[in-house]
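Some labels used for a structure rest on a cut-off.

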Amino acid sequence: MAPSTGRNFPAKLTKQVVLCSLIAAFGGLMFGYDIGISGGVTSIDDFLLEFFPSVYEKKHRAKENNYCKYDNQLLQLFTSSLYLAAVVCSWAAAFCCKKFGRKRTMQMAAAFFLVGVVLNAASVNLYMLIAGRICLGAGIGFGNQAVPLFISEIASAQYRGGLNVCFQMLITIGILIANVVNYFTSNIHPYGWRISLGGAGFPAIFLGLGSLLIVETPSSLIERGKTEEGIKALKTTRGVEDVQKEYEEIVKATETANKIKHPFRNLIMKRSSWPQLFCGTILQVFQQFTGINIIMFYAPVLFQTMGLGADASLLSAVVTGSINSVSTLVAVFGVDKFGRRKLLIQAAVQMLISQVFVGAILKQHLKTTNAIPMPYAYLTVFLICVFVMGFAWSWGPLGWLIPSEIFPLETRPAGFFFAVSSNMICTFIIAQAFLTMLCQMRSGIFFFFAAWIVVMGSFAVFLLPETKGVPIDEMNEQVWKKHWFWHRFIKPEDEQQAKC
Ligand SMILES: OC[C@H]1O[C@](O)(CO)[C@@H](O)[C@@H]1O
């Protein structure tokens, strides 16, 4: 018997949907592997010697202030150039998603990424390294745009949350694999870092080959006039024959979508799109301003700052990475059960407490060049794990899930573009600024992020609607029109007005 809640359409969890979602989620593995690798290689001496000799020298200068030894704009550009490229490319990817479908866009992602991997692993100078990062960024921009949309559309409402979280799940597994790879390759001299960077090819090959096997989403097929294929895809992905009602909803959404020639303009100008636009974008901004990436990119650097040795630092990054992956499982199984808001609010409290304690310990014990006493260093690693745990079952996965499910079909790729690109921009800002911020603000950086967590927690309490179990093409009716605050934006006259 197919489960059904509220006005849900009948559907079963089919093997095809699970398999397609998992294959698509390899886009997350690409992204995650890269995140983990960047942090690791920037603390490996052979890599620094080859491309950033001044950082190498500063790192080994005995008197250098711990907080500042990695502060170097070029080194930060290595990490962050990828995100700039990803922003630009996710805009192009939004067009490709609409015109060529989600599946083709994923294949483009894999192709760009592979070129980047080859350039990076074979780099002989900084230019090649940065050019490689830009291609990787293009791959990530295309992948991050297409994959969450693909999963949210291919899954029925009852299972959408859990399946979509697989994307973040694979991001975390990618980060973890990268941390482990870095741990071993850092001892392979002098080319271990090439193995680290080259390893990124595996997830891209998986995504590229895997995407040849998957089906296109019913919404995308119907939107592009492939009605017969769309109905067929609807039947196979839902695992039921009676798909008439859902088909009619998609056709209705498609008709509205086809009237809109400029989805980007429509989204910005039309008042009734603002709630989704605001919530989708701000969730991604908040996701980054939890401060998660100071840990993901720079955990080894951060732990070395606290005085742990090089190996202990890389190993601690492996520990935080494992906790990140395992805790994301809570979201896979919990998000369609507990709902989105409960997870976000609970985790905000947990993350706030750990940030404040980490800040307090570092303020007390890491004043100048000295390392902090070992028990406190380990307590800090523990608190960071508590923080990562909270992030992993909430703001991490839901930052992708909610924006991919709240926009109506006509503005979905365009709306999701704003969400993806705000993630990339904020990741860029944090990647670029963190080492300087650490150098300037010292332990204050943890209080800075704690303040953001207070703001985002309040947002989840007061402004974010619950979207659990609502069919994706019914959000306007069931969510926005009924919300205590946002309903005032969704007036029928607005819907008539801006058919730009
Ligand atoms: O799991 C942590 C990782 O997840 C992301 O927030 C993406 O959702 C990354 O920016 C971060 O490095």
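Q: What makes two residues count as touching in this predicted model?
A: Contact means heavy atoms within 4.5 Å.

Q: Which residues does Phe52 touch, not counting residues up to four places away in sequence?
A: Phe52 has contacts with Phe47, Leu74, Leu75, Phe78, Leu126 and Leu129.

Q: What makes a set of residues a nonpolar core, and which residues have the most contacts inside the largest one?
A: The members must be buried residues of the nonpolar kinds, joined through side-chain atoms within 4.5 Å. The largest such core has 137 residues, and Phe47, Phe52, Trp395 and Met424 have the most contacts inside it. Helix H21 (residues 412–441) gives the most to this core, 13 residues. A second, separate core has 6 residues, including Ile222, Val240, Val243 and Ile250.

Q: Why is Phe449 called buried?
A: Buried means under 20% relative accessible area. Phe449 has 1% relative accessibility, so Phe449 counts as buried. This residue lies in helix H22 (residues 444–462). Leaving out residues up to four places away in sequence, Phe449 touches Phe289, Thr290, Gly291, Ile294, Gln355 and Ile430.

Q: How do you know that the span of helix H2 agrees with its number of residues?
A: Helix H2 (residues 26–41) has 16 residues, and at 1.5 Å a residue these should span 22 Å. The end C-alpha atoms are 22 Å apart, so the two values agree.

Terms used: Residues are numbered from 1 along each chain as its sequence is written. This is a predicted model: local features need pLDDT of at least 70, side-chain atom pairs count only at pLDDT 80 or more; totals for chains, interfaces and linings use all residues. Side-chain values use heavy atoms; hydrogens and water are left out. Helices (H or I, at least four residues) and strands (E, at least two) are DSSP runs, numbered from the N terminus. The expected span of a helix is 1.5 Å times one less than its number of residues. Buried means under 20% relative accessible area, exposed over 50%, partly exposed in between (1.4 Å probe, protein chains only).
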